[in-house]
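The sequence and the structure come first.

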Amino acid sequence: MSGPQFLHLQSYSRKPNKIGQSAQQVLDEAAREPEFSVHVESPKPPNIVYGITPQQVRKKHDEIVATGYVDVTLKDGTVARRGIRKDRHTLLTAVASYPLPTAKVEEGSADRAEYERWIELNIRWLKEMFGDRLVSVVEHVDEEYPHVHAFILPLGDASCSARHLNPAWEVKEEAEALARESGKPAKEAVKLGNRAYRARGRELQDEYFAEVGLPAGLTRLGPKRERLSREQWKKRKEQARRDAELHKQMSERVENLADAEAQFDADADQKAAEVADKLARVEALYEEALLARGDAEAEAQEILRRAETESAEMKQMTRTELAQKTETLEQQASSLLSDRFAFEDEKRTFLREVVLRAASVTARVLIGVLTGSVRFDDKKSELQFDDPRLAQDVERLEIAPVIEKVVVLVSKVWAKLTGKLSTLEAEHEREQISEVLKPISRPQSGGMQP
């Protein structure tokens with residue numbers, strides 16, 4: 001399933017607008033209050049998919065409006081505090097509609113999973129856009145097409161301005177202010193502000209499509225809007241479905257890769273601890289050798305002291321014995337020091353070779369991702385390699401968890417990039433990236449043995 005997306009942002013005040021809509025009316029309609037549900041043939045209570053109920057939203061809305069205020073400057077220059085006017089827009093809403101009839105997304109239907117993913121993507125996008133000001137998202141399944149209503153309150157804003165929560169409205173006011181500062185007439189300034197509002201609104205629709213529509217398999221526009229033939233529209237929908245499935249797979253791989261990264265960090269810490277322990281043991285042995293040498297020197301001094309009272313022959317024998325012991329101890333200390341330096345050199349060489357080898361194998365895997373010779377199996381739990389030697393290298397180095405994370409991240413970036421490029425541009429980018437990776441992918445001469 002795929003079709004055009006729909007998202008609408010609008011703010012309301014406590015005072016009804018020209019068509020009778022107000023913050024109270026919108027919330028009561030969302031709650032399916034009888035008085036405001038006459039347009040629905042068989043009203044059903046809304047499903048709360050995030051946050052609080054519409055009735056609770058209304059209570060919270062009324063509380064912040066009751067405590068809100070604005071400071072106004074009077075003619076005499078003094079500043080007076082005023083309560084919130086009824087015509088100030090104090091509630092922002094977002095409505096997103098799903099382009100498949102409600103009957104087709106009922107529980108147990110084949111399209112249900114895609115519809116539920118669409119709801120999750122909407123909630124995530126709204127939370128990223130509005131943060132804690134997003135207080136409720138409700139689902140309606142009692143009309144021809146299922147849809148969700150989101151309610152955003154100006155929390156933390158004493159002036160309770162919901163209009164300023166709309167990114168397009170902020171751009172409009174900035175454009176108008178800039179026009180007035182540059183000397184434009186008021187009418188021209190408003191015109192420029194409205195133009196900026198519409199431009200930012202289109203950008204918001206593009207952002208919404210990139211984060212919600214595309215991953216959910218929807219299209220940016222309908223066939224009539226783009227003047228597509230029925231066959232072209234069918235191809236566009238099928239491509240949207242494939243893009244959505246690829247996006248879902250990439251998301252799952254990113255999650256798996258995050259787990260693999262944590263495991264890799266833990267393994268790396270353990271390896272570092274083992275190396276540090278070995279180095280500490282060498283240091284301890286070296287210290288013991290130095291202490292032994294000091295004890296031997298003290299013993300030699302004692303022997304010389306006693307030898308002074310003995311005969312010349314005994315003195316000569318004692319000096320010979322001392323020289324032999326001293327020479328033996330010096331040889332032992334020198335050998336131990338050489339072993340220590342050799343161990344440190346071996347440790348550095350080993351770490352360098354491990355990193356170079358892992359980098360080479362990783363680069364080969366990334367090239368395989370771009371060419372399709374490296375991929376996940378049907379269960380999305382293990383990597384599959386067309387090149388047996390590459391598979392053996394990955395297994396031998398025990399870096400499969402890290403490779404999986406790299407595969408997921410590269411695949412995600414590659415999917416986003418190719419989604420915005422033509423086939424020829426995508427092929428050119430694949431060749432360019434492969435050329436960059438090839439020098440890294442060549443096995444290092446003199447490296448660790450397989």
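Arginine 200 has a relative accessible area of 17% in this predicted model; the cut-off for buried is under 20%, so arginine 200 counts as buried. The side chain of arginine 200 meets that of glutamate 203 in a salt bridge. Both residues lie in helix α5 (residues 186-213), three residues apart, about one turn of the helix. Glutamate 203 is partly exposed, with a relative accessible area of 41%. Arginine 200 also forms a salt bridge with glutamate 207, which is partly exposed at 33% relative accessibility.

The count of salt bridges comes to 14.

| Salt bridge | Closest N to O distance |
|---|---|
| Arginine 200 and glutamate 207 | 3.2 Å |
| Aspartate 142 and arginine 32 | 2.7 Å |

Aspartate 142 is buried, at 12% relative accessibility, and arginine 32 is buried at 8%. Elsewhere, Arg357, Arg364, Asp393 and Arg396 are linked in a network of salt bridges.

Strands β2, β6 and β7 belong to an open sheet of five strands with antiparallel pairing, in the order β1-β5-β7-β6-β2. β1 (7-13) and β2 (47-51) stand at the edges with a single partner strand each, so one side of each has no neighbour in the sheet. From one strand to the next, the twist averages 20°. β6 (residues 134-140) and β7 (residues 147-152) pair over six bridges, and valine 137 has alanine 150 in β7 as its bridge partner.

How values were computed
Residues are numbered from 1 along each chain as its sequence is written. This is a predicted model: local features need pLDDT of at least 70, side-chain atom pairs count only at pLDDT 80 or more; totals for chains, interfaces and linings use all residues. Side-chain values use heavy atoms; hydrogens and water are left out. Two strands pair if DSSP finds at least two bridges between them. Helices (H or I, at least four residues) and strands (E, at least two) are DSSP runs, numbered from the N terminus. Axes are lines fitted to C-alpha atoms, for helices over the stretch in contact, and angles run from 0 to 180 degrees between N-to-C directions. A salt bridge is a side-chain nitrogen of Lys or Arg within 4 Å of a carboxyl oxygen of Asp or Glu. Buried means under 20% relative accessible area, exposed over 50%, partly exposed in between (1.4 Å probe, protein chains only).
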